[in-house]
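Trainee: Could we go through this structure together, one question at a time?

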Amino acid sequence: MRRRAYPLVLALALLMTAAAQARPAPEFTETAKEDWLNSAPITMASLKGQVVLVDFWTFACWNCYRSFPWLNSLEDKLEGEAFQVIGVHSPEFDYERNPEAIRKKIAEFELKHPVMIDNDHRYWRAMNNRYWPAFYLIDKKGEIREVFIGETHTGDKRAKKIEAKIRELLDE
């Protein structure tokens, strides 16, 4: 009897853990026009009904740069669907706080999605983030459903996992 119950208990524990990880995405902390690039300020409420991928990056991070081609191809692939990427530029060093330098990097890497400048790390802290790059996947109801950390390339294991989860959330 014990051996039969173990898989059920394990499945329930995993299900409860997954449910416990879902939490409402915090509201974006910056609301001034000058703190948003490629867009007017955005609110979480305005994103309801869309799957959102929040990308934490900083312009001195090579791992972030190496992930941009995948991110750009993902946006192209999902164009016209209820999907939105939001970049959050959270600087590691003081010299990365310069909005004009951030703007130049956005142009260099051809980022078309909105980017919020998080110079004071308020959104970083609100999301309990600790890494660059980090990708937070938010469902259509505004719940954080998955977190992926690290450099990501088109076709690699992490990219496939993120894209499968996006597809799953789009289909919900």
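What follows is a conversation about the fold, its sheet, one of its helices and a few backbone details.

Mentor: Keep in mind that this is a predicted model, in which local features need pLDDT of at least 70 and side-chain atom pairs count only at pLDDT 80 or more, while totals for chains, interfaces and linings use all residues. Residues are numbered from 1 along each chain as its sequence is written, and side-chain values use heavy atoms, with hydrogens and water left out.

Trainee: In what order do the elements of the protein run from the N terminus on?

Mentor: Helices (H or I, at least four residues) and strands (E, at least two) are taken as DSSP runs, numbered from the N terminus. On that basis the protein has 5 helices and 7 strands. From the N terminus on, the order of these elements is α-β-β-β-α-β-α-β-α-β-β-α.

Trainee: What is the order of the strands in the open sheet, and which strands stand at its edges?

Mentor: Two strands are said to pair if DSSP finds at least two bridges between them. The open sheet has 7 strands with mixed pairing, in the order β1-β7-β6-β3-β4-β5-β2. Each edge strand has a single partner strand, so one side of each is left without a neighbour in the sheet, and these edge strands are β1 (23–24) and β2 (36–37).

Trainee: Which residue of β5 stands opposite L37?

Mentor: β2 pairs with β5 (residues 115–117) in the antiparallel sense, over 2 bridges. The residue of β5 that stands opposite L37 is V115.

Trainee: Which residue of β7 stands opposite P24?

Mentor: β1 and β7 are antiparallel, with 2 bridges between them. In β7, the residue opposite P24 is E143.

Trainee: How many residues of β6 are buried?

Mentor: Buried means under 20% relative accessible area, exposed over 50% and partly exposed in between, with a 1.4 Å probe and protein chains only. In a regular strand the side chains alternate between the two faces of the sheet. In β6, A134, Y136 and I138 point one way and F135 and L137 the other, and all are buried. The strand is therefore largely enclosed by the rest of the structure, the number of buried residues being 5 of the 5.

Trainee: Which residue in β7 is the bridge partner of Y136?

Mentor: β6 and β7 run antiparallel and are joined by 5 bridges. Their hairpin has 4 residues between the strands, and there G142 takes a positive phi near 90°. In β7, L137 has E146 as its bridge partner, whereas the partner of Y136 is V147.

Trainee: How far apart are the end C-alpha atoms of α5?

Mentor: The expected span of a helix is 1.5 Å times one less than its number of residues. For the 15 residues of α5 (residues 157–171) this should give 21 Å, and the end C-alpha atoms agree with it, since their separation is 21 Å.

Trainee: Is N38 buried, partly exposed or exposed?

Mentor: Most residues other than glycine have a negative phi, and most peptide bonds are trans. N38, in the loop between β2 and β3, has a positive phi of about 70° although it is not a glycine. Its relative accessibility is 42%, so N38 counts as partly exposed.

Trainee: What is omega near for the peptide bond from W132 to P133?

Mentor: P133 has its place in the loop between α4 (122–126) and β6. The peptide bond from W132 to P133 is cis, with omega near -20°.
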